[in-house]
Amino acid sequence: MDGGDRVTAGGRPGIPLNGPAVDARADIRGTLASWADLIVEGRTVRLPLRTVPALAAFLRRHLSWLAVHPAAEDAAAEVDALVRRCMKIARPRLERRIPVGPCIAQSCRGRLTAVVREPGSTLPPAVECDTDRAHVWPPERWRALYRGRAGDGVPPGLSAREISSAWRIPAGTVYWLANEHQWRRKRDGRQVFYAQEDVLQTLGRDRLTTG
């Protein structure tokens, strides 16, 4: 019987478990164990304890043998994918997503979303389509995007609720800023949308990014 760690459903109350982290931990042990089994079979050596530290130390000791094995490339790719997955779980990337509206690409029925990522992210902010990944507008093309969406010179943008949530300011402050700075606006039924470029000029992109 496998003597690894177990997580029971009846854990103590008040100690929440991170499901993806628990799954990743099990996958780490399973992946290391599978390659350790290959080494044991190929070298007729004793199987190590089925714990992550013991398995990792075992693989490190036999790394030179595994490196010239026909499955070496598969082992490296599998471990690399596992590391990338675990890093995403351990250090989740924070991003803020703001609905923009219909995609302007011809015949595309997707919806656009402005994605503002955390400081230090290797990916820049962008407006992305949820239907076609090729429909992406980086910051330097946002003005052209607004012109493409605006039929009357006023780009549909953000609602007061979206602005209040993104910048964490009271809705009343949003209405005051809109009047004070004369934000361009467009009405869609009973909903008012303020031009996103005007909002960004007043409130600042840095503040939106850092939240």
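Leaving aside neighbours within four places in sequence, which residues is Asp198 in contact with? They are Trp183 and Arg184, where contact means heavy atoms within 4.5 Å. This is a predicted model, in which local features need pLDDT of at least 70 and side-chain atom pairs count only at pLDDT 80 or more, while totals for chains, interfaces and linings use all residues. Residues are numbered from 1 along each chain as its sequence is written, and side-chain values use heavy atoms, with hydrogens and water left out.

**Helix α8**
- Asp198 lies in helix α8, residues 196-203; helices (H or I, at least four residues) are DSSP runs numbered from the N terminus.
- Asp198 has 11% relative accessibility and therefore counts as buried (under 20% relative accessible area, with a 1.4 Å probe and protein chains only).
- Because six of the eight residues of α8 are buried, the helix is largely enclosed by the rest of the structure.
- The buried residues are Gln196, Glu197, Asp198, Val199, Leu200 and Leu203.
- Gly204 follows α8 and has a positive phi, near 90°.

**Helix α5**
- Trp142 belongs to helix α5, residues 142-149, and is buried at 5% relative accessibility.
- Trp142 and Gln196 are 54 residues apart along the chain, and their C-alpha atoms are separated by 9.9 Å.

**Cysteines**
- The whole structure contains zero disulfides (pairs of cysteine sulfur atoms within 2.5 Å).
- The cysteine sulfur closest to that of Cys129 is in Cys108, at 3.7 Å, which is too far for a bond.
- Cys129 is buried at 9% relative accessibility, and Cys86 is buried with a relative accessible area of 18%.

Conventions:
Helices (H or I, at least four residues) and strands (E, at least two) are DSSP runs, numbered from the N terminus. Buried means under 20% relative accessible area, exposed over 50%, partly exposed in between (1.4 Å probe, protein chains only).
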